[in-house]
Amino acid sequence: MSRQTLDTDQVVDSAAALADSEGLDAVTLTRVALLLGVRQPALYRHIDSYDALIRALGLRGREILASRLGEAAVGLAGDDAVRAMGRAWRAMVGDHPGLYAATDRYPCAGDAELEEAVERVVSVLGQALAAYGLADVDRVHAARSMRSALHGFAHLESGDGHPHPVDLDESFDRLVDLLCAGIHQMVPAVS
């Protein structure tokens with residue numbers, strides 16, 4: 001019998017697939033080892049602990065999110081960019097619900113790599129807001145507001161937190177309209 005060769009990416013890939021198909025709570029080191037056809041102790045050569053695995057999933061989720069947001073905003077500006085990034089955020093959560101859930105499971109504060117991953121998301125949002133002509137500090141505030149609103153909606157939607165029968169797509173479009181209107185209110189008046 002040949003010995004299975006693993007690397008960290010394979011461990012994280014396997015955990016990510018499990019998280020996305022069955023939910024983040026289904027991810028255990030035992031399940032990941034079983035999926036990879038190895039014994040659980042073999043995982044410790046590539047991942048220090050369960051917490052380290054969840055951290056890696058959260059990092060990957062943020063990397064995918066930042067990438068998708070950037071791709072969505074290419075060639076767009078203003079409200080069109082905000083709307084495209086909103087759709088991209090929501091689609092990422094739909095495509096990777098387990099990875100997205102992991103972004104809330106491991107604390108970022110004090111972890112330079114995770115803090116940088118969050119900053120990349122905010123930076124991508126902020127760059128797409130350049131066309132509004134906001135002052136730098138206002139652009140940061142607007143990007144943080146967008147992140148909070150889009151995250152909140154997507155988080156609630158993925159957890160069945162919107163049980164009311166009103167159309168979710170329309171609610172999301174109205175949320176994005178509110179964001180755009182709010183950003184316009186931040187634009188300095190031209191004299």
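Biologist: Which residues in α8 do V118, V122, L125, G126 and Q127 in α7 meet?

Modeller: First, this is a predicted model, where local features need pLDDT of at least 70 and side-chain atom pairs 80 or more, while totals for chains, interfaces and linings use all residues. Residues are numbered from 1 along each chain as its sequence is written, and side-chain values use heavy atoms, without hydrogens or water. Helices here are DSSP runs of H or I with at least four residues, numbered from the N terminus, and contact means heavy atoms within 4.5 Å. On that basis, those α7 residues meet R139, A143, R144, M146 and R147.

Biologist: How are α7 and α8 placed relative to each other, roughly parallel or roughly perpendicular?

Modeller: Residues 112–128 form α7 and residues 136–158 form α8, and their axes lie 8 Å apart at an angle of about 115°. Those axes are lines fitted to C-alpha atoms over the stretch in contact, with angles from 0 to 180 degrees between N-to-C directions. Since 65 to 115 degrees counts as roughly perpendicular, α7 and α8 are roughly perpendicular.

Biologist: And T103, is that buried or exposed?

Modeller: T103 sits in the loop between α6 and α7. Buried means under 20% relative accessible area and exposed over 50%, using a 1.4 Å probe and protein chains only. With 8% relative accessibility, T103 is therefore buried.

Note on methods: Helices (H or I, at least four residues) and strands (E, at least two) are DSSP runs, numbered from the N terminus. Angles under 35 degrees count as roughly parallel, over 145 as roughly antiparallel, 65 to 115 as roughly perpendicular and the rest as oblique.
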